[in-house]
Amino acid sequence: MKPSDLTIEIEKALQEYTEEVEEAIAQVIEEDVEAAVKELREVSPKKTGEYARGWTAQKEMSEGAIKMTIYNKDKPYLTHLLEFGHAKRGGGRVAAIPHIAPVEEKLIDQVTRDIEEAIKRGGS
């Protein structure tokens with residue numbers, strides 16, 4: 001085997017490894033985001049239930065990168081008001097109900113652990 005053949009084989013193996021890891025990372029992100037959406041639905045305030053049911057995720061792929069956005073499709077204007085509280089019309093404040101930040105922190109930790117594991121496994 002010539003050195004140039006060895007180089008080509010190494011490049012092929014690295015490319016396959018990279019593709020497998022990218023696919024595994026994308027799968028990890030999708031699964032973890034879906035779990036976070038489910039948790040948001042469970043822990044969100046439920047006056048009528050419409051706000052809690054409104055949580056969803058959107059996936060975008062570009063140039064091999066995955067981007068997932070979690071948002072409330074039914075009552076997006078309530079997220080900030082409920083998470084941080086707000087002033088009342090006649091004075092005083094409505095207390096904050098932190099429900100997004102704890103799920104976000106948990107999601108970041110989980111995705112980080114799962115990506116590290118996927119890389120260690122080599123994507124398989």
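Lys73 is partly exposed here, at a relative accessible area of 48%. Keep in mind that this is a predicted model.

**Lys73 and its surroundings**

- Lys73 sits in the loop that runs between strand E2 (65–72) and helix H3 (78–84).
- Leaving aside residues up to four places away in sequence, Lys73 makes contact with Arg53, Gly54 and Thr56.
- Lys73 does pair up with Asp74 in a salt bridge, where the closest N and O atoms are 3.7 Å apart.
- Asp74, for its part, is also partly exposed, with a relative accessible area of 31%.

**Salt bridges**

- Searching the whole structure turns up four salt bridges, and the Lys73 pairing with Asp74 is one of them.
- As a bit of background, side chains of opposite charge can pair when their charged atoms come close.
- Lys106 and Glu39 make another salt bridge, with 3.1 Å between the closest N and O atoms.
- Since Lys106 belongs to helix H4 (residues 100–121) and Glu39 to helix H1 (residues 3–43), this pair ties together parts that are 67 residues apart in sequence.
- Lys106 counts as partly exposed, its relative accessible area being 48%.
- Glu50 bridges to Lys75, and here the closest N and O atoms are 3.5 Å apart.
- Glu50 is in helix H2 (residues 50–53) while Lys75 is in the loop between E2 and H3, so this pair links parts that lie 25 residues apart in sequence.
- Glu50 comes out as partly exposed too, with 32% relative accessibility.

**The nonpolar core**

- The largest nonpolar core is made up of 11 residues: Ile29, Val33, Ala36, Val37, Leu40, Tyr51, Trp55, Leu82, Val103, Leu107 and Val111.
- H1 and H4 are the elements that contribute two or more residues to this core.
- H1 supplies the largest share of the core, with five residues.
- Val33, one of the core residues, touches Ala57, Met68, Ile70 and Leu107, not counting residues up to four places away in sequence.

Key: Residues numbered from 1 in each chain as written. Predicted model: local features only at pLDDT ≥ 70, side-chain atom pairs only at ≥ 80, totals over all residues. Heavy atoms only, no water. Helix = DSSP H or I, 4+ residues; strand = E, 2+ residues; numbered from the N terminus. Buried < 20%, exposed > 50% of the residue type's maximum accessible area, 1.4 Å probe, protein only. Contact = heavy atoms within 4.5 Å. Salt bridge = Lys/Arg side-chain N within 4 Å of Asp/Glu carboxyl O. Core = buried A, V, L, I, M, F, W, Y, C linked by side-chain atoms within 4.5 Å.
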